[in-house]
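I opened my notebook to get to know a new structure. Here is what I looked up, in order.

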Amino acid sequence: HSGFVAIVGRPNVGKSTFMNYVIGQKIAIMSNVPQTTRNKIQGIYTTDKEQIIFIDTPGIHKAHNKLGDFMVQSSLSTLNEVDAVMFMISANEERGAGDNFIIEHLKQIKKPVYLVINKIDLINPNKLLEIMDDYKDAVDWKEVVPISAIQGNNVSEFIDTLAAEL
Ligand code: GDP
Ligand code: MG
């Protein structure tokens, strides 16, 4: 089981925290791989049987100029090159324009897309149900996964699920 997984989501939803937690568990490499326009941070998770290369994909937001648009296109092309995509949202923030912008692009991706609801340590179970309902029809999710990247809740279970699909 091995493959590439892109993580997308608005700033501050916890993408880096997730990556650090996962890589911290089974330490391998955190590296900055130079790309044409920016550095894509990659974290490689390895065990005896599996290897997942996570790619933090920042910059999917409405572009205000040509360079911005170029970077958005670059991030979007990354989504078509990976084996699966994680769309991360923060449980304590309302769905907004930034989320919807990414969602519009995720609809066009022909790869499994996981909705990862992070920061569940900050909310109660009712709120989680509300969030799930709010996002349920946005994309044809492969799975909806509540986690707390900071506490590690449900993270290793999710990695196992992900690895099984790769
Ligand atoms: P990124 O911009 O998506 O990479 O987000 P970061 O990983 O930098 O996290 C943004 C902030 O959210 C930081 O202050 C993190 O400590 C915090 N954070 C990340 N994950 C969690 C979580 O599961 N629970 C809580 N309470 N805070 C979190
Ligand atoms: Mg980050």
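I began with a definition: I call a residue buried if 20 or more other C-beta atoms lie within 10 Å of its own, with C-beta atoms placed from the backbone. By that count, 30% of the 166 residues of the chain are buried. I noted for myself that this is a predicted model.

Next I went through the elements. I found five helices and seven strands in the chain. Read from the N terminus, their order is β-α-β-β-β-α-β-α-β-α-β-α.

Then I turned to strand 5, residues 84-90. Six of its seven residues are buried, so I wrote it down as mostly covered by the cut-off above. Which strands does strand 5 join by bridges? I found strand 1 (residues 2-8), which runs parallel to strand 5 and is joined to it by four bridges. Here V5 has A84 of strand 5 as its bridge partner. I also found strand 6 (residues 113-118), again parallel, with six bridges to strand 5. There M86 is partnered with Y114 of strand 6. Between strands 5 and 6 I followed the chain through helix 3 (residues 97-106), and this β-α-β crossover is right-handed.

I also looked at contacts between residues at least 6 apart in sequence: 71% of them join residues at least 24 apart.

Last, I visited ligand 1. How many residues surround ligand 1? I got 15, and the closest are G14, K15, S16, T17 and I150. Helix 1 (residues 15-25) gives the most to this shell, with three residues. I sorted the shell by type and got five nonpolar, seven polar and three charged residues.

Conventions
Residues are numbered from 1 along each chain as its sequence is written. Chains are lettered from A and ligands numbered from 1 in the order in which they are written. This is a predicted model: local features need pLDDT of at least 70, side-chain atom pairs count only at pLDDT 80 or more; totals for chains, interfaces and linings use all residues. A residue is near a molecule or strand if its C-beta atom, placed from the backbone, lies within 6 Å of it. Helices (H or I, at least four residues) and strands (E, at least two) are DSSP runs, numbered from the N terminus. Ala, Val, Leu, Ile, Met, Phe, Trp, Tyr, Cys and Pro count as nonpolar, Asp, Glu, Lys and Arg as charged, and the others, Gly among them, as polar. A residue is buried if 20 or more other C-beta atoms lie within 10 Å of its own, exposed if 12 or fewer, and partly exposed in between; C-beta atoms are placed from the backbone. Two strands pair if DSSP finds at least two bridges between them. A crossover is right-handed if, with the strands pointing away from the viewer, the path from the first strand over the helix to the second runs clockwise. Two residues are in contact if their C-beta atoms, placed from the backbone, lie within 7 Å.
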